[in-house]
Amino acid sequence: MKKILLTILLIISVILPVAAGDFGITIDASPTIEYDTGSTFDISALTYTAKAALWGNTAIGENLIAEFQGGYTIEDDRIFLLELDQLQLGGSFVMAGGSGGFMAFKAGRLSFSEFSGKVFAHTGDGLSIEWGLPLMTISAFGTYTGLLQAPSSTIIMNNTDLDASNNSTDTDSERVFWGPLASPRVIEGVTITFPEIIAQQTIIISGVFQQDLRQDEDLVSGDYTLDTIYAGFGLVGPIPIIQSLFYSLYSYGSTGWYDTNVILAGIAGGSINYFIPTFLASRIVIEGLISSGDSDQSDFYEGNTSGFSTAFVPITTAPAGVIFTAQQTNLFYFSGTYSMKPFANSKNLMLNNILIALKGTGFFRTTTGAISTGGVSSSSSSRYLGTEINLNIISRLLSDVGLSMSGGIFLPSAAMDSTTPVLQASMSLSLSI
Amino acid sequence: MNIRKIVLSSLFAITCAFTYAQSNEVIDEVLVQDKLTYGNGAYLVLTASEIIDESFSLEEAMSAGKEMGWIKDKKQIDAPISLGEYSFLIMKSFDMKGGLFYSIFPSPRYASRELAYQGYISKDSGAYRKLSGQEALSLIGQIVRKRSSK
């Protein structure tokens, strides 16, 4: 595996500059300070991530394109990590006969996702196919996650995955390039989209299947392999009464099994987007999500003690907050975001590109059961967990220099073990060479 | 009207007609080109930026670009020009400022990215890809329109 990746890196870095594609290097550095106002401030509040990545793409004939991206990451709690982010061959072909149909595919290491991104959105090795027909688009993917490095994986479905994620933060100087590999799983997805079928409304039907390829004896004591199935429905479109007002809705029902337990759970959510391009390119987004929990869980992962396990278990985590990062299990949140370009009318590109976004999110748990981040007082029966407020300033200062700054505060409710506010500030500088 | 004025007016009309015909011929040729050539690219950019006159030939436009160091000496007039090289010619001819790396290493590689950042190139801004004649005309047309509106 290591030899293969290094060979691929070498070949691509030699071939791409010669081929009629493009290539480059990106460098991103992001220091972050997070400070619990109830504790003494010290240097441990400062964390950082820096990544240098080589990317490239080249067209192969009229219909095919090959793309590559690999990078080297340095973090405060891990020395180095070399990861192949993308190595894919893609193509698109118009169907013969003038029907307007098309077929597109991508194969290799690439990003896979179901339509909402709340159940599964992750890099993997596999194949994605999209087939466009006059009345519908059918897309399908199949991916394997066992060749990714564990630190790059956000697939945490049981305590073994959690342990691997925690242990992958390793400062061992011998681990200059490689962490342990991620859990071997196969994930398949099928989506049928009926675009603008009635009154510009798009209907989406989706199925996602996840199999854990490990044996129970490969897992930590008390863990079992977990296979899951998700069936989803979505609705996307404009709201006809008001111009520039759009909505999207999604819902998934899921089932799965571990040991003798059966999962019956669900998630639903949606957003409303309102664009006001004439007023400083303003955008208002109202978003909400609710996912089922299980009040009788003894442990957050595979902790069901009675009846069906009703806690929704997503394949990948998609936290809504930056400071409060609970995954979408036993959670209800409601957020409002306002973003604008204060200098949208300026002819100076540097000023024109500045985007400011203010977001407020209220977090609740749907049952009195556990949430993924812990920290909830066992004696509390309150559903309200806290409120997070974030301010982001994003700018592409020059064509090759980007800068963003963000600040946030999480105000925990009385249900949390610690009720002192947590502050976070971060900056991200990116260079494109 | 004396005879001298008549001769001069006629000469001016003939010259205008010739230069008009010359630029039209180039544009007709460019419109059907799948891959823009160095000669046509140099002519389009250098005439639009008024560095050379429309009456110049493609060879003269190419020579002017090489003299100013914006086109490499070894490049052939009929060879396809890349998007990066065409963008570099535009940025140099119109004296446009670029990003951090363009300022340090002015080159075709960063020129096409700069034009994409400024909104002139909306699709693939890869410096090494070839561009069609229509894309080249559209690009130079946008630049001229934006600069004349300032």
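1. The lining of the largest pocket draws its largest share, 5 residues, from β4(A). Several elements of chain A each give two or more residues to the lining: β1 (22-36), β2 (46-60), β3 (64-75), β4 (78-94), β6 (121-132) and α2 (159-167). By class, the lining of the largest pocket holds 20 polar, 13 nonpolar and 8 charged residues.

2. The structure holds 3 cavities of 30 Å³ or more. The largest cavity has a volume of about 110 Å³. It is lined by 15 residues, and those closest to its centre are Gln297(A), Phe300(A), Tyr301(A), Glu302(A) and Val313(A).

3. Chain A as a whole. Chain A has 18 strands and 3 helices. Of its 433 residues, 41% are buried. Consider the contacts in chain A between residues at least 6 apart in sequence: 58% of them join residues at least 24 apart.

4. Ile203(A) is worth a look. Ile203(A) sits in strand β9 (residues 201-212) of chain A. Is Ile203(A) buried, partly exposed or exposed? Its relative accessibility is 23%, so Ile203(A) counts as partly exposed. The cut-off for buried is under 20%. Not counting residues up to four places away in sequence, Ile203(A) touches Ile192(A), Thr193(A), Phe194(A), Ile197(A), Phe233(A), Gly234(A) and Leu235(A). Take Ile192(A) from that list. Ile203(A) and Ile192(A) are 11 residues apart in sequence, and their C-alpha atoms are 8.3 Å apart in space.

5. Ser430(A) belongs to strand β18 (residues 422-432) of chain A. With 15% relative accessibility, Ser430(A) counts as buried. Neighbours within four places in sequence aside, Ser430(A) is in contact with Ile27(A), Asp28(A), Arg396(A), Asp400(A), Val401(A) and Gly402(A).

6. Now two backbone angles to check. Most residues other than glycine have a negative phi. Leu280(A) is not a glycine, yet its phi is positive, about 50 degrees. Leu280(A) lies in the loop between β12 (261-276) and β13 (282-291) of chain A. The other case is Glu50(B), with a positive phi near 60 degrees in a residue other than glycine. Glu50(B) is found in the loop between α2 and α3 (58-67) of chain B, and follows α2(B). The relative accessible area of Glu50(B) is 70%, so Glu50(B) is exposed.

7. How many of the 11 residues of α2(B) are buried? The count is 10, so α2(B) is largely enclosed by the rest of the structure. The buried residues are Tyr38(B), Gly39(B), Asn40(B), Gly41(B), Ala42(B), Tyr43(B), Leu44(B), Val45(B), Leu46(B) and Thr47(B).

8. Helix α7 (residues 133-149) of chain B passes a length check. With 17 residues at 1.5 Å a residue, α7(B) should span 24 Å, and its end C-alpha atoms are 24 Å apart, which agrees. Several residues of α7(B) are buried: Gly133(B), Glu135(B), Ala136(B), Leu137(B), Leu139(B), Ile140(B) and Ile143(B).

9. Confidence in chain B needs a caution. The mean pLDDT of chain B is 83, with 85% of its residues at 70 or more. Which helix of chain B has the lowest confidence? In chain B, confidence is lowest in helix α1 (residues 3-31), at a mean of 58, while helix α4 (residues 83-93) is highest at 93. Over residues 10-19 of chain B, pLDDT stays under 50. For that stretch, the model has 4 contacts beyond four places in sequence. Where pLDDT is low, the predicted coordinates should not be read in detail.

Note on methods
Residues are numbered from 1 along each chain as its sequence is written. Chains are lettered from A and ligands numbered from 1 in the order in which they are written. This is a predicted model: local features need pLDDT of at least 70, side-chain atom pairs count only at pLDDT 80 or more; totals for chains, interfaces and linings use all residues. Side-chain values use heavy atoms; hydrogens and water are left out. Helices (H or I, at least four residues) and strands (E, at least two) are DSSP runs, numbered from the N terminus. Ala, Val, Leu, Ile, Met, Phe, Trp, Tyr, Cys and Pro count as nonpolar, Asp, Glu, Lys and Arg as charged, and the others, Gly among them, as polar. The expected span of a helix is 1.5 Å times one less than its number of residues. Buried means under 20% relative accessible area, exposed over 50%, partly exposed in between (1.4 Å probe, protein chains only). Contact means heavy atoms within 4.5 Å. pLDDT is the predictor's confidence in each residue, from 0 to 100. On a 1 Å grid over the protein atoms alone, a cavity is a set of points where a 1.4 Å probe fits but cannot get out, and a pocket is an open set with protein on both sides within 12 Å along at least five of seven lines; lining residues have an atom within 4 Å of a point. Grid points are joined across faces, edges and corners, and a volume is the space filled by probe spheres set on the points.
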